[in-house]
Amino acid sequence: MSAARRPLIAGNWKMHKTIAQTQAFIADLCARPLPLDDVDAVLCPPFTALAAAGAALAGSRVGLGAQNVSWAEQGALTGEIAPAMLTECGVRWVVIGHSERRAMFGELDERVKEKARIALAHGLTPIVAVGETAEEHAAGIALDKVRRQVRAAFDGFADDEIARCVVAYEPIWAIGTGKADSPEEANAVMGAIRADVPGLRDARILYGGSVKPDNIAAFVSQPHIDGGLVGGASLEPASFAALLEGARKGAAA
Ligand SMILES: O=C[C@H](O)COP(=O)(O)O
């Protein structure tokens, strides 16, 4: 595995935690021994907590991510957040195209591409989320769906631009259900994506969907799984620290 594919655990807090709760989490987490020589850690709080999180994480090796970004630099876009507003808070990563945004907020492939493009232009690392529904999984077309989403997200990108991105493969049926995909099945999909898009050869591909401290090592020990995009299990400092340790062990296995 290349150095560019160091394990990464990104905690997507979704619509959880106030500013005070975010500060308390970071103080607790940063007081713990964390395997940050071997694993990259990123927290993605809600927008309202980003500035406080950026201040609390200053000088730490835990990175800061956002859960979304606008496709535009600025303008009459009520409720949107521009990339420069994120970087000003210390944000260096951004989740793009999460299935919840695609399903509940009408986010289309074209927008996902535009967001990845503007994120890169601002020095943000896009974490582009893709994944199939339960119906698509049952119909045996998971790989077709995911391949289409990945190709669309990076359409027109140079290989070296794609290499600066992260892909998160999240089977939608596994998100928040407690029923994770098997590491082997997830690895097969992720390996196929990597083989399909040359720019992803040395890029990180994360698995997401009911990742927990007790299964992360099994995922990361797979050859094409470079970490996790984690929702529920990222919300407590002890659990997040255990995810990092599990990723370290999985990568060393
Ligand atoms: O972004 C994170 C994913 O949607 C996974 O969520 P989960 O770990 O709660 O299943």
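Student: Is the crossing of α1 and α11 left-handed or right-handed?

Tutor: The crossing of α1 and α11 is right-handed (near helix turned clockwise from the far one by less than a right angle; anticlockwise is left-handed). Two bits of housekeeping first. Residues count from 1 along each chain as its sequence is written. This is a predicted model, with local features needing pLDDT of at least 70, side-chain atom pairs needing 80 or more, and totals for chains, interfaces and linings using all residues.

Back to your pair: α1 covers residues 19-30 and α11 covers residues 237-252, and their axes come within 9 Å, crossing at roughly 45 degrees (axes fitted to C-alpha atoms, for helices over the stretch in contact; angles 0 to 180 degrees between N-to-C directions). That makes α1 oblique to α11 (under 35 degrees is roughly parallel, over 145 roughly antiparallel, 65 to 115 roughly perpendicular, the rest oblique). On the α1 side, Phe25, Asp28 and Leu29 make the contact, and on the α11 side it's Pro237, Phe240 and Ala241 (C-beta atoms, placed from the backbone, within 7 Å). By class, that contact has 5 nonpolar, no polar and 1 charged residues (Ala, Val, Leu, Ile, Met, Phe, Trp, Tyr, Cys and Pro are nonpolar, Asp, Glu, Lys and Arg charged, others including Gly polar).

Now for the sheet. There's a closed barrel of 8 strands, running β1-β2-β3-β4-β5-β6-β7-β8 with parallel pairing (at least two DSSP bridges per pair; helices are DSSP runs of H or I, at least four residues, strands of E, at least two, numbered from the N terminus). From one strand to the next, the twist averages 25 degrees. Take β6 (residues 166-169) and β7 (residues 204-208): these strands run parallel, joined by 4 bridges. In that pair, Val166 of β6 stands opposite Arg204 in β7. Helix α7, residues 142-153, packs on the sheet, where it touches β5 (125-130) and β6, and its direction makes about 150 degrees with that of β5.

Helix α7 also has helix partners. One is α9 (residues 183-196): the two pack at an angle of about 40 degrees, with axes 10 Å apart. So α7 and α9 are oblique to each other, and α7 passes α9 in a right-handed crossing. Ala142, Leu143, Val146, Arg147 and Val150 of α7 make the contact with Val189, Ala192, Ile193 and Asp196 of α9. Sorted by class, the residues there come out as 7 nonpolar, no polar and 2 charged.

Another partner of α7 is α5 (residues 109-121), packed at about 45 degrees with the axes 8 Å apart. Helices α5 and α7 are therefore oblique to each other, and α5 passes α7 in a right-handed crossing. Here Asp109, Val112, Lys113 and Ala116 in α5 meet Gln149, Ala152 and Ala153 in α7.

How values were computed:
Contact = placed C-beta atoms within 7 Å.
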